[in-house]
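Subject: Structure handover

Hello,

Please find the structure below, with its sequence. My notes on what was found in it follow.

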Amino acid sequence: MACSALPTCGLAITESERVFPGMVERINQLLEKLKKIMTHYLILESRDPYDSADWVDMQQIIMDLKKAGHQVTLFLLQNGVLPARKGTSFEEYFAKLEVLGVNTFADFFALKERGIQNLSIHVKKSNLDHLIQLCFESETKSIWH
């Protein structure tokens, strides 16, 4: 495949056609191995961004993890559900996370406790059973903030 005559030499073209399917298969196998190596980060956000100065820093970590190729799930619970309300300034942030491929969930019980009925379209309601399932996915690392 490194032959400089590849575009014009019939033998080089034939050889590349013979080798190419095997190369594609090997590349696909390596990609599958890489997918298995990637870590799933489960971020448990319990802090209220209105009274926690480091909330923004944690959200930047989430974006950085996703941009580094990891699977990331954000699970809002306790006071962490407050920014998930429809119409808050945080809706744009949750939209950015959704575009990046970060799944964002809010604990149904925490929403109910705080009287939150209208949720941002970028956040899905969930429950602790789902959170437990996420914790037990393979290659999952949980970070509680």
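Lys 96 and Glu 92 are joined through their side chains by a salt bridge, with 3.9 Å from N to O; the term stands for a side-chain nitrogen of Lys or Arg within 4 Å of a carboxyl oxygen of Asp or Glu. Both residues belong to helix 3 (residues 91–100), where they are four residues apart, about one turn of the helix. Helices (H or I, at least four residues) and strands (E, at least two) are DSSP runs, numbered from the N terminus. Lys 96 is partly exposed at 44% relative accessibility, while Glu 92 is exposed at 56%. Here buried means under 20% relative accessible area, exposed over 50%, and partly exposed in between, with a 1.4 Å probe and protein chains only.

Before the rest, a note on the source. This is a predicted model, in which local features need pLDDT of at least 70 and side-chain atom pairs count only at pLDDT 80 or more, while totals for chains, interfaces and linings use all residues. Residues are numbered from 1 along each chain as its sequence is written, and side-chain values use heavy atoms, with hydrogens and water left out.

Overall layout

The protein chain contains five helices and five strands. Read from the N terminus, its elements follow the order α-β-α-β-α-β-α-β-α-β. Of the 145 residues in the chain, 36% are buried.

Salt bridges

How many salt bridges does a search of the whole structure find? There are three, and the Lys 96 and Glu 92 pair is a salt bridge already described. Side chains of opposite charge can pair when their charged atoms come close. Another salt bridge links Arg 47 to Asp 54, with the closest N and O atoms 2.9 Å apart. Arg 47 is partly exposed at 35% relative accessibility, and Asp 54 is also partly exposed, at 29%. Glu 113 and Arg 114 form a salt bridge as well, at 3.1 Å from N to O. In that pair Glu 113 is exposed at 52%, whereas Arg 114 is partly exposed at 28%.

The largest pocket

The largest pocket has a volume of about 170 Å³. A pocket is found on a 1 Å grid over the protein atoms alone, as an open set of points where a 1.4 Å probe fits, with protein on both sides within 12 Å along at least five of seven lines; lining residues have an atom within 4 Å of a point. Grid points are joined across faces, edges and corners, and the volume is the space filled by probe spheres set on the points.

Which residues line the largest pocket? They are Trp 55, Val 56, Gln 59, Gln 60, Met 63, Phe 90, Glu 92, Tyr 93 and Lys 96. Helix 2 (55–67) and helix 3 each supply at least two of the lining residues, and helix 2 gives the largest share, five residues. By type, the lining has five nonpolar, two polar and two charged residues. In this count Ala, Val, Leu, Ile, Met, Phe, Trp, Tyr, Cys and Pro are nonpolar, Asp, Glu, Lys and Arg are charged, and the others, Gly among them, are polar.

Strand 3 and its neighbours

Strand 3 (residues 103–107) has four of its five residues buried, so it is largely enclosed by the rest of the structure. Strand 3 pairs with strand 2 (residues 71–76) in the parallel sense over four bridges; two strands pair if DSSP finds at least two bridges between them. Leu 76 has Ala 106 in strand 3 as its bridge partner. Strand 3 also pairs with strand 4 (residues 124–126), again in the parallel sense, over three bridges. There, Asp 107 has Ser 126 in strand 4 as its bridge partner.

Strand 2, helix 3 and strand 3 form a right-handed β-α-β unit: with the strands pointing away from the viewer, the path from the first strand over the helix to the second runs clockwise. Strand 3, helix 4 (residues 108–113) and strand 4 form a right-handed β-α-β unit too.

Two loop residues

Gln 78 is not a glycine, yet its phi is positive, near 50°. Gln 78 sits in the loop between strand 2 and helix 3 and is partly exposed at 41%. Glu 139, also not a glycine, has a positive phi of about 60°. Glu 139 lies in the loop between helix 5 (128–135) and strand 5 (140–144) and is partly exposed at 46%.

Regards
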